[in-house]
Amino acid sequence: MDTIKYIGERVLIGQLGHGFVILSFVAAFLAFISFYLANKNNTLLNFARLAFKTHSIAVVGIIVVLFIMLLNHYFEYQYVFQHSNREMDMKYILSCFWEGQEGSFLLWTFWNVVLGLILNKQLKNSEWEAPVLMIFALVQVFLASMLLGIYIGDYKIGSNPFLLLREHQDYFNIPVLQNPDYVSKLQGRGLNPLLMNYWMTIHPPTLFLGFSSTLVPFAFAVAALYNKQYQTWQKIALPWTFFSVLVLGIGILMGGAWAYEALSFGGFWAWDPVENSSLVPWLVIVAAGHTMIINKNKGGSLFTTHFLSITSFLLVLYSTFLTRSGVLGNASVHAFTDLGMTGQLVLYVLTFVFISVALLLNNSLLKVTYVVISLLLWFATFLYGYKKIMLGVWGATSIGLTVFAYYKYFPKEKDEEELYSREFWMFVGSILFLLTSLIITYFTSVPVINKLFGTDKAPPKPFVYNEWMLPFTVLLMILIAATQFLKYKKTNAKDFYKRLLKTFAISLLFGLACCIPLYFINNTNEISNYNLIFYTLLFTTSLFCVFANIDYWVIVLKGKTKKAGASIAHIGFALIILGALISTSKKVTLSKNTSNQKLSTLGSDFDDRKSILLKQGDTLPMGPYLVAYKGKRKEGINYMFDVEYFKLGKDNKPEYEFTLSPRVQDNPRMGRSPEPDTKHYLNRDVYTHVTYGVMEMDTTKTFLNGYSDAKNYVGHVGDTIIASNALVVIDSIRANKTQEEYLKNDSTLIVTAVLKAITSQSKIYYAHPEYIIKNNVVIPKEDTISALGLKFVFWKINPQEGSVEITLSEKNSNTKDFIVMEAYLFPHINILWIGCIIMAIGTGIAVRERLKVLKT
Amino acid sequence: MKKLHIIGLLIIAIAIGVIFISLNNTSSYADFSKAASSPEDEFHVVGKLDKTQPQIYDPQVNPDEFTFSMTDNKGLTKQVVLHKSKPQDFEKSEQIVLIGKMQSDVFHANDILMKCPSKYNEAQNQVN
């Protein structure tokens, strides 16, 4: 085996790449150690900086090498082979880069490096430089190890992106790869076509920058605990935290927009585990940011700022574990392949939980106790097994000791917060955010819980999440609306209520005026009483939130935009909630089919008739529209199903409105996947996707003998023949010569019938079947309108009656080609998207202002 | 008692409430015979498509009804009525998860999840 000499393998560049991987790991480790030592003694600081810079260069080196390999199609490398090919458009090269797990880890590592370098510059020579960068370096050690691809005994550490195809476990025993000249025969597999869109280019880098940015508050919090400097870091971390809120928020919403535009979830949010696991860290980082604001303005909230900053990052790690270990199995539409790193991921999550808890226990004796218990449990697991029980005991110990340490040792405020103070209610709001994130985490973790406890619970359906989130969101809306009008420390309650009364009254009137017709009079979706109450409450309170924040911005802040970042972001958030509420609760199934019996014994879930059968040529009523399926087109691997929409205008004549072309992608990697098509209006979206369609194009096969039995028509010029998809008028009859000429010369007489076919959409096609007499023999020449599948034969002239006889046969597929489609109307979904933009702008303004304050 | 303590207690109460309610309310994974024993409850049943039995999908009659047979992990085969349109690539599915209720010996599903064979393992074909 070893004797084979392979031709054309470019081994050197891979070794260079892997060299960078090892360098990045070693340098990160050195940086960690030297920052750790520099934390006590500044002499090593320069070396530590150098090590971190070396690590950064190595990471950039890995990326550059991988890019060179992708750009030049070095298919002998597994990563290049797996994720790219020659035919692919070069604009998707970035998507290839992070399609694979190794690439996405690399992206994360890269952002950490960028943030680390910026932080290093910002903190240079301050007391925070060494400890914060120490944590950064530690995280980088772990991330860099994910790319190592080294075996220690039977354990594989990381997955090396610079592995040759013939070295890879999935490929090494393939005979072709034993051929010395295999390189020249390789064609890459290419990027998954489902990911060939601009979302794949912008969504992952944004989301990973978001994930990456949660490391900053985490690093500060851990560094502060380590150095017992509980008071001062929040001020520096605050703009970073809201930067994280901004970027992670945009990343999540981009994911929602992608799902809505290009995936057939049937909405913008499906409570999919992958979506949840990016939402949950965001909720916690928002809570962390708000407690930091309390700390900055009034002091205190020491434990919560630490706890929330740490939790947010730990949840990012937990998400990574959830989505990349294969534990979710059947619970997610996102398919991540298991790279065999589950053990490693679990180990990393547990290590960081351990470090965090050990540092939160700010008492030496407690720390020692915790470390000893942890080590004992670890050894016991090694010796005796019982992994789950040990993990449970360890988890309980961690929580118990943390609570104990908080009560006993953590520095706390002496006086109790005033009820009418901003900090108290901001704190309550943060805790609500934490609580919702815990509930979502719990629901999302059902497959993990099943694994741990051997239960067989199914993951909750989206409506379960929605119903749970409703009351919390109502409370949050009220808090976000009202809390700004409270001052720090103490506020006069009477003034506060007076100030808010008008806004509240307006919101209530407006809310009821909208909700009564929306939900009570016109309860089309058969909403339950629980939901009716909470929809109304949420509608009203989110309006209250919008109005109160506008009020605060305009009156209290005198319309100064610079100062109003928070208010603007809050308006955006409330609009997102309002848009989500209206578009989800008033979602209309346009394609409801009425042909069915109700299955009352099964419950309402089964009554949801949401598909419509559209046959080519038919025009059917669907909701307020008339729809006609025009036929399919094939573009590459996509089948586009063109569906035209009409509305009844004056005189009940259908008037053309728009055409939607939902498609089905015949994806060689994943099979057939539908992609929706949506018509956007200012106040509503019409969203459609094909759930079932005949995919074969059937061109040659049906053309030859795919016609139905012919029907004969006798008629005159001006008469109409009725086809299933058009009206055919006999426009004129023309001959190439007169009858006398024909009789005189005994040559060929050609009589042409000009047939004008008018479709229901007023499109016009012509057919010219010919009636040919040659040497007294009649030879009809047929003509077809292939677009409509109509075939005409002009075979008889009756001179006495002055009539002609024409047969019509229709293509079988005229009756056979059909699609089954779902169509929904999302009312006012634009409120949601506008809210997203407003929230992003508001958060951006707030980050900028906080940075300015920090600099002065 | 501090106000914050009240909040803390409330949180714990809600957390316990969530766990308790969700333990009672969510459906669980089961096989056909367990699903048959409580026809009012919703179950997730995992199994494989029985390719020997006919698959009936006539969208002319009802585009939201697709009938087939599935063998659950215990080896029991039952007729399934999926109250949705026939999923694309249905024949290729390796494993099926049905969500629904078992009533009078027929499993009525309102949703279906399919695992299609991972093409990652088809390395051989890809290289050639």
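## Basis of the model

Local features are taken at pLDDT of at least 70 and side-chain atom pairs only at pLDDT 80 or more, while totals for chains, interfaces and linings use all residues of this predicted model. Residues are numbered from 1 along each chain as its sequence is written, and chains are lettered from A, with ligands numbered from 1, in the order in which they are written.

## The two chains

Chain A contains 24 helices and 23 strands; helices (H or I, at least four residues) and strands (E, at least two) are DSSP runs, numbered from the N terminus. The C-alpha trace of chain A spans about 120 × 85 × 55 Å along its principal axes. Of the 856 residues in chain A, 44% are buried. A residue is buried if 20 or more other C-beta atoms lie within 10 Å of its own, exposed if 12 or fewer, and partly exposed in between, with C-beta atoms placed from the backbone. Among contacts in chain A with a separation of 6 or more, 69% involve residues 24 or more positions apart; a contact means C-beta atoms, placed from the backbone, within 7 Å.

Chain B has three helices and six strands, arranged along the sequence as α-β-α-β-β-β-β-β-α. Buried residues make up 30% of its 128 residues. For chain B, 45% of the contacts between residues at least 6 apart in sequence join residues at least 24 apart.

## Nonpolar cores

A nonpolar core is a set of buried Ala, Val, Leu, Ile, Met, Phe, Trp, Tyr and Cys residues joined through C-beta atoms within 7 Å. The largest has 205 residues, and V132(A), M134(A), A137(A) and A574(A) are among those with the most contacts inside it. At least three of its residues come from each of domain 1 (1–196) and domain 2 (600–698 + 818–827) of chain A, the bounds being from an automatic or database domain assignment. A second, separate core of 20 residues includes I730(A), L788(A), L790(A) and F794(A).

Beyond its neighbours within four places in sequence, A137(A) contacts A28(A), A31(A), F32(A), F35(A) and F52(A).

## A four-stranded sheet

In chain A, four strands form an open antiparallel sheet in the order 13-22-21-20. Strand 13 (711–715) and strand 20 (783–785) are its edges, each pairing on one side only; strands pair if DSSP finds at least two bridges between them. Strand 20 of chain A joins strand 21 (residues 790–798) through three bridges in the antiparallel sense, and D783(A) stands opposite F792(A) in strand 21.

A564(A) lies in the loop between helix 19 (529–556) and helix 20 (565–585) of chain A. A564(A) counts as buried because it has 24 C-beta neighbours inside 10 Å. Not counting residues up to four places away in sequence, A564(A) touches W553(A) and L557(A). Helix 20 is largely enclosed by the rest of the structure, because 20 of its 21 residues are buried.

Technical notes
Two residues are in contact if their C-beta atoms, placed from the backbone, lie within 7 Å.
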